[in-house]
Amino acid sequence: MPTPTIIQRGFEPYEASFAAMRAFTDARSTDTPDEIWIVEHPPVFTLGLGADPSHVRDAHGIPVVQTDRGGEVTYHGPGQVVAYL
């Protein structure tokens with residue numbers, strides 16, 4: 001099994017990472033190597049399919065983004081390194 005390529009995406013908005021993931025997935029074929037993306041986001045709350053928007057009582061100006069992943073509410077912010085498989 002080939003080793004995935006590690007991609008350092010740096011500090012970028014969640015929406016940019018999410019759009020890039022969708023584009024990568026849509027464009028890949030059976031020959032496309034797997035990638036692991038390392039990224040850090042500005043403050044953002046993401047809502048999974050099981051999330052109720054009312055669970056974010058006061059976002060204090062932090063964006064709240066609906067996603068198509070599973071789960072509930074997740075906070076991402078500076079200093080938190082995220083790895084996307």
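The backbone nitrogen of Tyr 14 lies 3.4 Å from a polar atom of the His 41 side chain, a polar contact, meaning a pair of N or O atoms within 3.5 Å, where within protein one must be able to donate a hydrogen and the other to accept it, and residues adjacent in sequence count only if both atoms are side-chain atoms. The side chain of His 41 also reaches the backbone oxygen of Glu 12, at 2.8 Å. This is a predicted model, in which local features need pLDDT of at least 70 and side-chain atom pairs count only at pLDDT 80 or more, while totals for chains, interfaces and linings use all residues. Residues are numbered from 1 along each chain as its sequence is written, and side-chain values use heavy atoms, with hydrogens and water left out.

His 41 sits in the loop between strand 2 (35-40) and strand 3; helices (H or I, at least four residues) and strands (E, at least two) are DSSP runs, numbered from the N terminus. His 41 counts as buried because its relative accessibility is 0%. Here buried means under 20% relative accessible area, exposed over 50%, and partly exposed in between, with a 1.4 Å probe and protein chains only. Leaving aside neighbours within four places in sequence, His 41 is in contact with several residues, among them Phe 11, Pro 13, Ser 17, His 76 and Tyr 84, where contact means heavy atoms within 4.5 Å. The C-alpha atoms of His 41 and Tyr 75 are separated by 9.7 Å, and the two residues are 34 apart along the chain.

The whole structure holds three aromatic pairs, a pair being two rings of Phe, Tyr or Trp (its six-membered ring) with centres within 6.5 Å; planes under 30 degrees apart count as stacked, over 60 as edge-to-face and the rest as tilted. Tyr 14 and Phe 18 form a stacked aromatic pair, at 5.8 Å centre to centre and with 15 degrees between the planes.

His 76, one of the contacts of His 41, belongs to strand 5 (residues 73-76). With a relative accessibility of 10%, His 76 counts as buried. The side chains of His 76 and Gln 80 are joined by a polar contact of 3.3 Å. Apart from neighbours within four places in sequence, the contacts of His 76 include Tyr 14, Pro 42, Val 44, Thr 46 and Val 82.

Thr 46 is part of strand 3 (residues 44-47). Thr 46 counts as buried because its relative accessibility is 0%. Its side chain makes a polar contact of 2.6 Å with the side chain of Arg 69. Beyond four places in sequence, the residues in contact with Thr 46 include Tyr 14, Val 65, Thr 67, Glu 72 and His 76.

The loop between strand 3 and strand 4 comes next. Arg 57 is found in this loop, and strand 4 covers 64-66. Arg 57 is exposed, with a relative accessible area of 82%. Its C-alpha atom is separated by 35 Å from that of Glu 35, 22 residues away along the chain. Ala 59 has its place in the loop between strand 3 and strand 4 as well, but Ala 59 is buried, at a relative accessible area of 15%. Leaving aside neighbours within four places in sequence, Ala 59 is in contact with Phe 45 and Val 64. Most residues other than glycine have a negative phi. His 60 has a positive phi of about 55 degrees although it is not a glycine.

Finally, the protein as a whole. It has one helix and six strands, which run β-α-β-β-β-β-β from the N terminus on. Of its 85 residues, 26% count as buried. Among the contacts with a separation of 6 or more, 61% are between residues 24 or more positions apart. The C-alpha atoms fill a box of roughly 45 × 25 × 20 Å along the principal axes.
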